Amino acid sequence: MIEPASLGNFFTIFFTSAMVIMLGALYALLFAFSRLKGDKRLMPLAYLSYAGLLISTLFLADAANLLKHPFWTVIVAFMLVGYLLAPHAIWHLCVGTHAAEHVEVEPIKNY
Amino acid sequence: MATLGMLDSANLNGGQKLAVKYFTVAIVLFGAQILFGLLSGLQYLYPDFLYGVLDFSVNRMVHINALVVWLLYGFLGSVYWLLEEESQHEVVGLKLGNLIYWVLTAAVTVVVLVYLFVQIGPGKESSIWLINEGREYIEAPRWADIGIVVSVLVVFFNVAATFSKGRYTGIAGVLVLDMLALFGIYLAGMFYTTNISIDQYWWWWVIHLWVEATWEVMVACIMAYGLMKVLGVSRKIVETWLYIEVALMFGSGILGLGHHYFWIGTPEYWFSIGGFFSALEPIPLVAMVVHAVFDAGARHAKNNNHPAMAWLIAHAFGNFFGAGVWGFMHTLPQINLYTHGTQWSASHGHLAFFGAYATIIIAMFYLGIQRWRGGTWMSGDLPGNGWKWKWALGLLNLGMVGMTVAMLVSGYVQSQIERAIEGSTWMGYFAAQIHPWFVQGMWWREVFGVMFLVGFVLLVWDLLTIGKGESRKMIEVSNAA
């Protein structure tokens, strides 16, 4: 079911795992700022962060032997889709839940 | 009639008077946690230090138990703090609540004294009931376990009865159910089985589900209340987000329990469940980043209590890095095989507990002291430019980050030498313990621990003096609370 990581891959795993979370947050942060400020220039940077997250996840998956097993490969795919869609979904929830109160900055809806 | 700038009980409602008592004990236990942590840290460096007088096993046990109990006191205090305001009704059964507070505090004192004075002895059935249950993190003897359950039941009664007679809000509904879970899950750690795997299986229900379910939900309720009070966010919004966050946390947090079942002899499917849900656990944190940016942008973070606001922000960052980054770095079983139970776990535990729980309770302390002094000014332009709370915030956070990184270095050495190279043998254990990188990590942990202690002293000093003699009223923030 699991194939333990090799000693040589320890650092890669720790580093890429941390990067997955950090870049996930950076993607969410830039995504939210871009929509909040209406600044379209931030959106490519947001997706660049996501691309970094994707690369980190693939390196992590390789170092932790995840891609050798279908189950763990599905988890990797699920994670990537989850991180990609979560900020979109939460933004829609934000707009919906704040609809009744005055929001000073009109969110940009279409990209 | 509010007395501005003076500590006056007349400024508080009944529940808040009881909350102040809980907060006071929480701070004392916080101090005890730091003291015993520093002593056990020193024993890593000088193993003979206090040997036979105050053994490492006892120091460490008191350090961790003090953490669990001061956080519990902080949470119970926070619940009593918001209860009357939230329900618009006086606390039902307040006398019973007060009585239970004194009984619980007396019990905690007796338990700690027994820990300190009966450090070694035979392991008999009677020692489980009277001395020490022997289960890591929840070592309290069985009589104290029963006392904790009864105490939480009384708090549950206070909360449920007050809300049923007063206003029933969204926060009320979540809080009542959570108090019930807080009581119910603790029962899972109160019986023994002869099979260690089965025993550990249930033991984790208390450790993981208290921390990553019931405490997280309580934090979400406190945060919802705190945001209404400090930032003036409307009730409709905080309650909607309370439901969303609770759903997200439950979605990943409950079965994230599986990452504790990797190596205790449970069936192999826990690898899949633990790995899958642990991978999902950081997603709610990413979601919260988006929401925080949206909310801050919409209301420019105008607030009436700068120290509380700063600690709420510290909570968001601490939770993200401690639970999210430090947790995910070693949560997959492929790497957790080597890191589980090393200083790596301790590194994650320190930052996660501080970031997710200690910070928000400290924010509640500041909200409490503001009201206790009659709703005094706590925004900018405080005497001395508020240097005490700022230095306390800086030293406590830097001290914690320093300790976390130091333990990370030691944990890295342990996972490589003790686990991967030497295969978890005794020889491997000692080889890692004497390795210069491990020892240096332990030294730096102690140095940053002292920094943390200085921050704690400043925090207590600030809590005792902030707003004293202040004649300005706090800023009113508009909300629909």
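At 0% relative accessibility, B:Asn59 counts as buried (under 20% relative accessible area is buried, over 50% exposed and anything in between partly exposed, using a 1.4 Å probe and protein chains only). This is a predicted model, in which local features need pLDDT of at least 70, side-chain atom pairs count only at pLDDT 80 or more, and totals for chains, interfaces and linings use all residues. Residues are numbered from 1 along each chain as its sequence is written, chains are lettered from A and ligands numbered from 1 in the order in which they are written, and side-chain values use heavy atoms, with hydrogens and water left out.

Back to the asparagine. B:Asn59 sits in helix H2 of chain B; helices (H or I, at least four residues) and strands (E, at least two) are DSSP runs, numbered from the N terminus. Setting aside neighbours within four places in sequence, B:Asn59 is in contact with B:Phe36, B:Leu39, B:Ser40, B:Gln43 and B:Leu54, where contact means heavy atoms within 4.5 Å.

Chain B as a whole has 16 helices and 0 strands. Its radius of gyration, 22 Å, is close to the 23 Å that the globule rule gives for 481 residues, so chain B is as compact as a globular protein of that length (the radius is taken over C-alpha atoms, and the rule is 2.2 Å times the number of residues to the power 0.38). Along the principal axes, the C-alpha atoms of chain B fill a box of roughly 70 × 45 × 45 Å. Of the 481 residues in chain B, 60% are buried. Take the contacts in chain B between residues at least 6 apart in sequence, and 82% of them join residues at least 24 apart.

As for charge, chain B carries 23 positive and 28 negative charges, whose mean positions are 11 Å apart. Lys and Arg count as positive and Asp and Glu as negative, while His and the chain ends are not counted; each charge is placed at NZ of Lys, CZ of Arg, CG of Asp or CD of Glu.

Next, the aromatics. A search of the whole structure turns up 52 aromatic pairs over all chains. Rings of Phe, Tyr and Trp (its six-membered ring) pair if their centres lie within 6.5 Å; planes under 30 degrees apart count as stacked, over 60 as edge-to-face and the rest as tilted. The rings of B:Trp263 and B:Phe271 have centres 5.3 Å apart and planes at 55°, so this pair is tilted. B:Trp263 is partly exposed, with a relative accessible area of 32%, whereas B:Phe271 is buried at 11% relative accessibility. B:Trp444 and B:Phe448 also make a tilted pair, with ring centres 6.0 Å apart and planes at 35°. These two residues are 4 residues apart in helix H16 (residues 436-465) of chain B, a separation of about one helical turn. B:Phe448 is partly exposed, with a relative accessible area of 23%. Elsewhere, one aromatic cluster takes in B:Phe191, B:Tyr201, B:Trp202, B:Trp205, B:Tyr261, B:Tyr269 and B:Trp270.

A couple of loop residues deserve a look at their backbone angles. Most residues other than glycine have a negative phi. B:Gln88 is not a glycine, yet has a positive phi of about 55°. B:Gln88 lies in the loop between helix H2 (56-87) and helix H3 (94-117) of chain B and is exposed, at 57% relative accessibility. B:Asn385 is a non-glycine residue with a positive phi too, near 55°. Its place is the loop between helix H13 (343-372) and helix H14 (387-421) of chain B, and B:Asn385 is exposed, with a relative accessible area of 52%.

Past H16 of chain B comes a segment that holds B:Glu476, which counts as exposed at 64% relative accessibility. C-alpha to C-alpha, B:Glu476 and B:Tyr186 are 40 Å apart in space, and they are 290 residues apart in sequence.

That leaves chain A. Its secondary structure comes to 3 helices and 0 strands, giving the pattern α-α-α along the sequence. Buried residues make up 45% of the 111 residues in chain A. Among contacts in chain A with a separation of 6 or more, 70% involve residues 24 or more positions apart. Chain A exposes about 5400 Å², and carbon and sulfur atoms supply 71% of it.

Notes
Areas by Shrake-Rupley, 256 points an atom, 1.4 Å probe, with all protein chains shown as cover.
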